[in-house]
Amino acid sequence: MLPGRVAPLTFYPSMTLENPLNSGRFGLIVLGATIENKTRIANEPDANAGIYVGLGAPERFVGAGATLNIYGLSNKVGEQQNLGQGSLSFHINRLFLQNKFLLDAGWENAIYWGGNNQSYISYQRSLYFSGNYLLYSKPENLQKPFGYLSITAGIGNGSFRRDENYTTVKSGSFDPFFSIATPVFKGTNILTEWNGYDITAGISSIPFQKIPFLFTVEITDLIFGNPRIAASVSLPFNLGKPKKDKNGLPVRPIGIKPVRPVRTI
């Protein structure tokens, strides 16, 4: 690192809230859990958890990753009698344009177990295609306030669909989603997005890099008219070497994705 520069971050906060954006880098493992005061339709609190594992190399070849979703944490709180219910999700990605543009495709809830209610929109198999562009002037500015603007846009079916497009039999047509994020100070982003069916806004922060817990709070369903609040905690581990340039700066941060709260029960 050159003299006078601020030490780069090992882990960056989220650049999306509910919309997909994962690293795809081999060696990254993220443990996380989310709790919400209510789901979109029900008035009871609920929680879910997840584990993400990066499996590829998006800078050189193809990035890849898998997520173990654990929807059922209790038989009595939130959705009833669903302890152990869950799914596996997969994605691939690739960086282009000097690593500023990330192209991503994924299949959420590809493998599902623990119940017969995959007709619920939260659990439906969902394909998505998205792109993320990181707009910044210099790599050394990435950890500074407003040092970058992260823009994500894509389309998805299944759980990304608007309420009026929901069907219980098929994953259905594709609807658009969109996210914007920027740092307000080191290790903390503010975010807003259209998650496919409503507006979400929140804040995501990793206050301590040595113990890099990611804390994310969001408010969503702002158009639906009955907003809900979700809070998540994630803990990333990097078993591989972080990608850095010759000056010791990150090649291209992607951010740690929080666990997506369930939409309905």
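Tutor: Among contacts in the protein chain (heavy atoms within 4.5 Å) between residues at least 6 apart in sequence, 60% join residues at least 24 apart. This is a predicted model, in which local features need pLDDT of at least 70 and side-chain atom pairs count only at pLDDT 80 or more, while totals for chains, interfaces and linings use all residues. Residues are numbered from 1 along each chain as its sequence is written, and side-chain values use heavy atoms, with hydrogens and water left out.

Student: What is the average pLDDT of the protein chain, and where is the pLDDT below 50?

Tutor: The protein chain averages a pLDDT (the predictor's confidence in each residue, from 0 to 100) of 89, and 91% of the residues score at least 70. Over residues 1–5 the pLDDT is below 50, and that stretch has 8 contacts in the model beyond near neighbours in sequence.

Student: What does the secondary structure of the protein chain come to?

Tutor: The protein chain has 0 helices and 12 strands, where helices are DSSP runs of H or I with at least four residues and strands are runs of E with at least two, numbered from the N terminus.

Student: Why does the radius of gyration of the protein chain agree with that of a compact globule?

Tutor: The rule for a globule, with the radius taken over C-alpha atoms, is 2.2 Å times the number of residues to the power 0.38. For 265 residues a compact globule would come near 18 Å, and the protein chain has 18 Å, so the two agree. The C-alpha atoms fill a box of roughly 55 × 30 × 30 Å along the principal axes.

Student: Why is Asp221 called buried?

Tutor: Buried means under 20% relative accessible area, exposed over 50% and partly exposed in between, with a 1.4 Å probe and protein chains only. Asp221 has a relative accessible area of 0%, so Asp221 is buried. Asp221 is found in the loop between strand E11 (214–220) and strand E12 (228–238); leaving aside neighbours within four places in sequence, its contacts include Arg40, Tyr197 and Arg228.
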